[in-house]
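Trainee: Could you take me through one part closely, namely the place where the two chains meet?

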Amino acid sequence: MEAIFSYDDLAMEILSRFSALELSVFKCVSKRWKNLISDPSFLRVHHQRSQLRGITTLLIQQRDDITGDGLSSIFSTCGPPLFKDDLRVSIMIQNSFPANHVVIMGSSNGLICCRSRRTLEQPMLVIFICNPITREWISLRPTNCHVGRIFTFAFYPFGSSSNKASNFKVVSIQRQKCDQNSYSFVIYSSETGKWKTSMEVCHYKDDLNENKYIHIKGRFYWLTEKQRIITFDLEEELSGVIIAPGPMLRDGIRTSACLGYSDGHLHYAC
Amino acid sequence: MSNQSESPNPTSSSNKITLKTSDNEVFEVEEAVAMKFCTVKQYFDDENNNNVTSGTSTTLIPLPNVESHPLAILITYCKKHLEIKANNADNKKEMEIDMEHYEREFLKNVMPQELTELILAANYLNFKEALDFFCRAVASAIQNKSVEYVRKFFGLESDFKPGEEEKLREEFAWSFEGVDED
């Protein structure tokens with residue numbers, strides 16, 4: 001059977017079907033496998049296939065009223081048959097983070113973004129970006145800017161249109177200190193390593209939902225409590241407000257309402 | 001330049017195409033089957049374009065990199081694939097179920113060595129559906145298996161220097177939890 005693996009394209013065709021977790025085991029098969037799995041062209045093929053494959057792991061952080069911040073430190077994942085990486089992933093996540101007391105904010109192309117919980121010992125906000133496979137993480141502390149607790153994260157493994165190197169961005173959205181009826185945006189870019197307050201301001205008065213946001217192709221969407229979606233385009237640094245479809249509810253959106261992404265389209269479920 | 005009404009209709013399934021393998025076996029297959037092999041289709045189209053002016057048509061296509069054994073299996077698979085597709089033309093879900101059922105049965109009769117031949121043949125012929133299916137089959141055979149199992153399955157030798165592999169394993173130690181025993 002080794003004949004198959006003498007062809008790069010066939011080896012890639014087979015190996016690209018495995019998750020990053022399984023591939024970290026297969027790196028030990030031989031030098032050739034290790035080099036192949038680490039090769040940028042393989043990563044690209046693997047990335048394309050992963051997107052077709054859809055979700056492999058679902059991370060759930062449960063609400064826990066005892067710990068105060070509303071979320072427990074226990075992560076659980078959906079096991080087989082839905083998702084096959086099951087237990088290993090939750091152990092991995094549990095052990096990956098510098099502090100157990102983090103709140104998962106989101107994930108993007110295999111990286112996970114969390115924030116610290118606000119405690120007496122740790123009143124400052126710290127944002128962690130973690131690669132659960134390699135267990136590498138970095139912490140970001142917003143400096144010289146006003147950052148709230150709602151932020152989103154986007155990782156571009158193959159770069160964005162302006163730059164081909166892999167990079168990530170964190171975008172936070174918060175009410176302006178001077179004007180409670182508008183939101184400001186603060187952007188962290190891994191390329192510059194700096195936080196920057198965008199000139200863009202979104203005039204909108206209602207509250208946001210902490211965890212109801214999505215990132216699609218360079219654009220962020222936050223669902224507000226009043227059936228509106230605030231958008232922010234990373235490249236242009238322009239914001240906008242979209243009216244969510246469906247009948248208007250007097251008390252705002254249902255708690256089950258959410259944003260999603262499928263086949264290149266933004267979805268809204270209510 | 002070309003006259004459409006005179007050129008053979010590519011969708012007609014009554015036309016036969018002859019394929020000649022590396023071990024000199026000759027297979028006569030329906031055009032619809034042969035056209036699933038992109039390499040054959042390419043050759044066929046090129047030849048036909050060249051022959052439009054001379055008025056002759058080529059139907060014998062040499063396959064110097066494919067032996068008769070895997071080709072026979074690929075033709076059977078292709079026929080079945082087209083049949084299932086035609087039977088469920090308006091129901092994608094049904095088609096997938098039928099195909100899955102057929103593929104499961106198919107794999108019961110294939111030895112690992114044959115799978116290699118089939119992958120290489122499907123790759124040369126550029127028969128996408130078959131290649132995808134066989135690669136999936138190989139992938140599921142080593143799913144969640146240990147490094148030693150994978151090496152044995154593919155007949156690969158470790159070429160790491162002493163200590164290199166241990167270091168690598170240590171780095172990813174946690175990912176080995178839950179891997180099947182041999």
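Mentor: Helices (H or I, at least four residues) and strands (E, at least two) are DSSP runs, numbered from the N terminus. On that basis chain A has five helices and 16 strands. The model is predicted: local features need pLDDT of at least 70, side-chain atom pairs count only at pLDDT 80 or more, and totals for chains, interfaces and linings use all residues. Residues are numbered from 1 along each chain as its sequence is written, while chains are lettered from A and ligands numbered from 1 in the order in which they are written.

Now the meeting place. Chain B contributes 30 residues to the contact and chain A contributes 23, two residues being in contact if their C-beta atoms, placed from the backbone, lie within 7 Å. On the side of chain B that touches chain A, at least two residues each come from helix 5 (112-125), helix 6 (128-141), helix 7 (147-154) and helix 8 (164-171). That side of chain B has 18 nonpolar, six polar and six charged residues; Ala, Val, Leu, Ile, Met, Phe, Trp, Tyr, Cys and Pro count as nonpolar, Asp, Glu, Lys and Arg as charged, and the others, Gly among them, as polar.

Chain B is assigned domain 1 (16-141) and domain 2 (147-176), with bounds from an automatic or database domain assignment. Taken over C-alpha atoms, the centres of these domains of chain B are 36 Å apart.

In chain A, residues 8-43 are 75% helix and 0% strand, with 13 Å between the end C-alpha atoms.
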